[in-house]
Amino acid sequence: MTATDQNSRRNFLKKGLGIAAVSSAVTALHAFQVDSVEETGEKVKLLSPEGEIVEIDIAYLKPIPEVNISPDESRHGIPGRRFVMVIDLAQCKNLRKCHDACDKMHHCGPEKEFLKVLKMQNNTLATPFWQPTMCFHCDEPPCVKVCPVDATFKREDGIVLIDTDRCIGCRFCMVACPYSARTFDWSEPAFPLELAHQHYSPETSVPAKMGTVSKCDFCPDMVRKGEMPHCVTACPNGVFYFGDENEDAVSNGAETVRLSELLRDRSGYRYMEDMGTRPRVYYLPPVNRAFPFQDDEFTKHKG
Amino acid sequence: MKTKKPVPLPYPTDQIEAISRDLMPKPFGLSGKIWVAVLSVIFLTGLYFYIEQFRFGLGITAMRDYSTWGIYIANFVFFVAISLVGSLVSAILKLSGARLRTPLTRISEMIAVSSIIFAALVIIVDMGRPDRFLNVIFHARIQSPITWDVIVISTYLTISLLLFYLPLIPDLAFMRDRYVGIPAWQKKMYTFLALGWNSHPGQEKILRRAEQILAILIIPVAFGIHTVTSWLFATTLRPGWDSNDFGPYFVSGAFMVGAGGVIAAMYIFRTHYSNWDKYLTDKHFEFMGRLLVLLSLVYLYFNINEYFVPAYKMKGGEAEHLRALFHGRYAPLFWSVQFFGMVLPIIVLMFRRGRKPLPMFIISIFVIVGAWFKRFLIVVPTLSHPYIPMDRLPESWQHYIPTFKEWSITAGTLAGALLIVTLLARFFPAIPIVETIEEAKPDHNFEEIS
Amino acid sequence: MSTIRLIRLFTKSLLVSISLCFLPGLSVAQSEPSDSADTGKPETSIELMYNEANNHSKVLTATVKTNVKDTYEAVKGISVNFYQKEVGPENLLGTSSSNDKGVAILVVPEDKLSKTSVDYTFIAASENDAKFEDNQEEISVSESDFVMTLEQGDSSRQVLIKLQAPDANGTMAPVAEVEVRLYVQRLFGLLALSVDPETTDENGEISVDFPAGIPGDSAGNLIIVAKVEEHEKFGNLEFQRKISWGTPLIIDPNKNRRELWSSRANAPLYLIFIINTMLIGIWGVIAYIVYEVFKIWKLGRQKAS
C-alpha cells in the first residue's frame, strides 16, 4: 500500500462523515469500500454536521455492497449501542409478515423458525392475543452461561449471537433457554448453492450448518447498514419498535419515540420477568386493541 | 499399620491351587461365546447406525427443537449413575472396614470403568458436531457445567482405572508366575502390567498406601461426578429440573443402581463359573441385599421430596409436568418405574428369603431397568413441557418417541459396556486372587485399616 | 487497513445518516402511469422530491415503482434523467440509477443550475428503458433561506429558526405561517421534540427551548434537525447541526466484565480459583500415585528381599 493510497483514504474518510450528514441523497454509504471506488472527477459540495463545506467526488455517493463481519469481529458488537425491542401486542393480528421476512432472510428451512407468533391467553376469561416471540437477547442470558465452548456470546451492544463455526451441538443452551428461542439444524440444511458458498458470519446466521444451534440474531448486519431488523420493517402494523437504549429511542419505521416514555405510559413489561433473565425485548400489553382477536390457520407451525 | 504384613507366598499349596484354579480367568465356553457374539452384534448394529448419524446428523433421531435431549442423555445419566458403584464398593466399603467386600471390589471397578468410558462416549454420540469435540478443551468455558462435567468425568475415569489397576498388580504377578497354558502374548501382557511385582515389602507398602489414598480421593470425585451431572439439569429454569436437591437425589439413585449392578454381576459370575459360590456366598448376597434396601430407602426419601413437595404446591409449569407424570402421558411408565424399580425391591429385600441369590438377581434387574427408565423420565417429560405454548407444533414435535436407530445406538452402548466387563473378566480375575488367598489364612486380620 | 477503525467511523456516521432512510413521506409530486402509447411494457410511477439541506445542497430524489399484483414494488437499476425547466439535452442536470429501493438520487450541480428566476422546475424522466414504459414527473419549487441557529445561554438552550424567501422584488423577506418540526437524530429515525409542529411568526422565526435529558453520545453530542416538510412552495427543507446539548453517554468498560455469562476470558475469578484449586489438588494426588506406581516398577527391578 503506497503513501498516496493511504492519504487518499484518509481524505475520503474525512469526507465520508460529511456526506453522510448531508441528506437523503446517501442511503447506503459504506466507509469500508474505498478501494473499489473510481473517481469520476465530478465534484459536489456537501455540508458536514460540523458545518464545514466539503467537496467530494460523486462516485462516493453510490451505494456500495455490504461487507461480511467475521466471527471474531462479531463478538464485540457495535460500540456505544444497547439494542432493544418493544413489541406492541395491541397491534398484532398475526399477519406473520415478520415471520415470513425473517424466514426468508435467514433461509430457515421447513423445520426452523427464529420468530414465532404464539397464541397467548392470560387466563380462561381473558381474550387471547397474538404474541411474536424470538430471542430476547437477555442481559442475564442463561443460554450463554451454560455454553461450554464460548460459541454463544453476549456482545457489548446487548446482542446475543452464536458462532456456528465453534458450536459443538450439545444443545445445553436450548435446554437452558426458558423461552425455547433456539433452534437446531438436525440435518444438513438445504439452501441454494450460492448461499452455501457465501462467507459465514454470526451476524447473518447464514449459511446454517448441520449439527449447530441458531436463533434470532437481531439482524446486526442490517443494523450496521443503518436499517432495522427484517421483522420490524416487514410488519405493516408497526408492531415492532427497535432502537438503541443508550439513545432512549425506538422506532417502528413510521415513528420514533422515547423508549422510557413508551414503556412508562403503556405499562411495558417483559415476558416471564420472574425468570431473572432480564430480556431486551419488551411487550406492550394487548389492551385497546387495534383488531379483534381472530384465530386462523396461520397458527400452525410449518414443520 | 497395626499388624505385620506377611509375604503372601508361600501358602499351603493345595489351598493356593484350589483358589487359583477357581479364580484364574478362563477362556470362553460355549455360553460365553454366544454371550460375546450377541453383545457384539448389538454393539456393531449400534455402531453402524452411529456412522449414519455421524454422516447425516441427529435428524435420524426423534429429537427436535423442543425435545432437544432424549434417550442419549438419559443413557448418559444412567452410565454415570451406575459407575458410582466403583466408589461405593472400593472406597466406602473399604474405608468402613466391611469384611465381605473383597470379592466385590474387582467386579464393581470393572463395571465402573466400562460404564464411565461409555458415559463419555454416549455424550459424544449426543453431540451435533462430534468432529469438534476438542473445542471442549481448547475453547473451554469454565462457567459451563459441561466443562465441569468433562473435568470430573476424566478425573473419575483416571481414578477408577487406577483403583482397578493397582489392586490388580499382585494378581497380575501371580498369573505371570503361575498361569500355565496361556498364549505367549497374554503372558507378556501380564508380565508388562505386573510392573515387576515381586512382593517386595517396599512394593507392598507403596501399594497399600496408594490404594488407601485413592479410596479416599474417589469419594469426593464420585459425589462430584454425579452432582455435576445433575446440575446439567438443575442449573436450568425448566419445570421438573429446577430443583435444589437434584444433587443428592441423583447420587442416592446412583448408589442404588450401582448396588443393583453389582448384585446382577455377582449372580451371573456365581452361576457361570464353577465353584464361585464359595467366594460369592449367600452371605455376600445377604450383605448386598441389606445395602440395597438401605440405598433404596434413601432414594425413596429423595423421590418423595422430589415429587411430593412440588405436587403439594402445583405451581404453574411444574404442575403441567407433574400431571403428565402422575396421570397423563407418562403415568404408566412413571408408576411402573416407581413401583418395580424402587418400592418392590424394598419390600422383597426386607425379607430374609428375598435376600437369596436368585430373587435378588431378579430384583436387581428390576432395579437396573427401572433406573434406566427413571433417567428417561427425568430427561424427557420436562422438555415436553416448555413454558411457551406448544399447541401449534406438529404432533411429532410435541411428543418424543425415539426412533429405531436411536434405540439401536443406545442398545449398542449398553452392549458395549457389558462387552468391556466381559472382556475384562476374560483376562483379569473378577475376584482378587492374592487377596482371597491371604484372607483364607486362618490368622488373617481384617482390621488393617490405618 | 484497519477495518475495525473504519467500522467505528462508519457507525459514527450512521448516527448522522440514518435519518435519511426513514423520512416521513416526502412526496411533492407523484406521476400517474400514462395511458398513451401502449408498447406492452409495464408502466411505472415516479415520485419526485426536492430536498434542501443546510441551505446549501439541493438534492432531487425520484422514487420509481411499478405495479405488480396490486402492490407497488420498487424498480431497481432504472436510469433516471433529471432536467430543469423542460426535457431536452441542453437542460440535463444529470443522470442517476435507482437503488434497491427504487430511489434515484441527484445532487443538483450548482454550476449547471440556471438562476434566472427564484422558482425552479425540475423534471425526472425515465426514457427509452428496455423493460419499462417511458414516464416523467415534474415539480416546481421556490428559492428559500432556511436557517437554524442554536444559542446557549447561562441557563437556557434555545433553538432559533428563521425562514426567508425572495419576495416579488427579489429581496429576502420573512415567511410566516410555515410549519417547522424539530427533531433529534436517533439511530433509526428522527425523534420529534414535540407532538405538534411549530409555526413561523410574522418575522419568519421560531424560538424553542431545547429540553434537558435527551441522551447524546459519549461527549453529549447530538444532532438537532429542523424540517419544513412537503411544503407546496419550498419542498423539503432541512437544517441540521451537531451540538453537545445531550446527556453524555457513560459506558463503564468494567461493567459486567466477569459474569457467569461472560466469555471464557472473563470468567469470574472465584470460579477460576475454586476449579483450579480442585484440579491441582486432585490431579496432584493422582500424579503422586502414578509416581508411586513408577516406584513399584523400580523396586521390582531389584531382587525381592
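The C-alpha centres of domain 1 of chain C and domain 2 of chain C lie 28 Å apart, with domain bounds taken from an automatic or database domain assignment. This is a predicted model, in which local features need pLDDT of at least 70 and side-chain atom pairs count only at pLDDT 80 or more, while totals for chains, interfaces and linings use all residues. Residues are numbered from 1 along each chain as its sequence is written, and chains are lettered from A and ligands numbered from 1 in the order in which they are written.

**Domains of chain C**

- Domain 1 covers 31-142 and domain 2 covers 145-243.
- Their contact takes 10 residues from domain 1 of chain C and 14 residues from domain 2 of chain C; two residues are in contact if their C-beta atoms, placed from the backbone, lie within 7 Å.
- On the side of domain 1 that touches domain 2, strand E2 (44-53) and strand E9 (135-142) of chain C each supply at least two residues. Helices (H or I, at least four residues) and strands (E, at least two) are DSSP runs, numbered from the N terminus.
- E2(C) gives the most to that side, with five residues.
- By class, that side of domain 1 has five nonpolar, four polar and one charged residues. Ala, Val, Leu, Ile, Met, Phe, Trp, Tyr, Cys and Pro count as nonpolar, Asp, Glu, Lys and Arg as charged, and the others, Gly among them, as polar.

**Helices H5 and H11 of chain B**

- The axes of H5 (residues 102-125) and H11 (residues 246-272) come within 10 Å and cross at roughly 115 degrees. Axes are lines fitted to C-alpha atoms, for helices over the stretch in contact, and angles run from 0 to 180 degrees between N-to-C directions.
- Leu104(B), Ile107(B), Ser108(B) and Ile111(B) of H5(B) meet residues of H11(B) including Gly261(B), Val262(B) and Phe269(B).

**Ser115(B)**

- Ser115(B) is in helix H5 of chain B.
- Ser115(B) counts as buried because 29 other C-beta atoms lie within 10 Å, where the cut-offs are 20 or more for buried, 12 or fewer for exposed, and partly exposed in between.
- Leaving aside neighbours within four places in sequence, Ser115(B) is in contact with Phe79(B), Ile82(B), Ser83(B) and Ala417(B).
- Ser115(B) and Ile420(B) are 305 residues apart in sequence and 8.8 Å apart in space, C-alpha to C-alpha.
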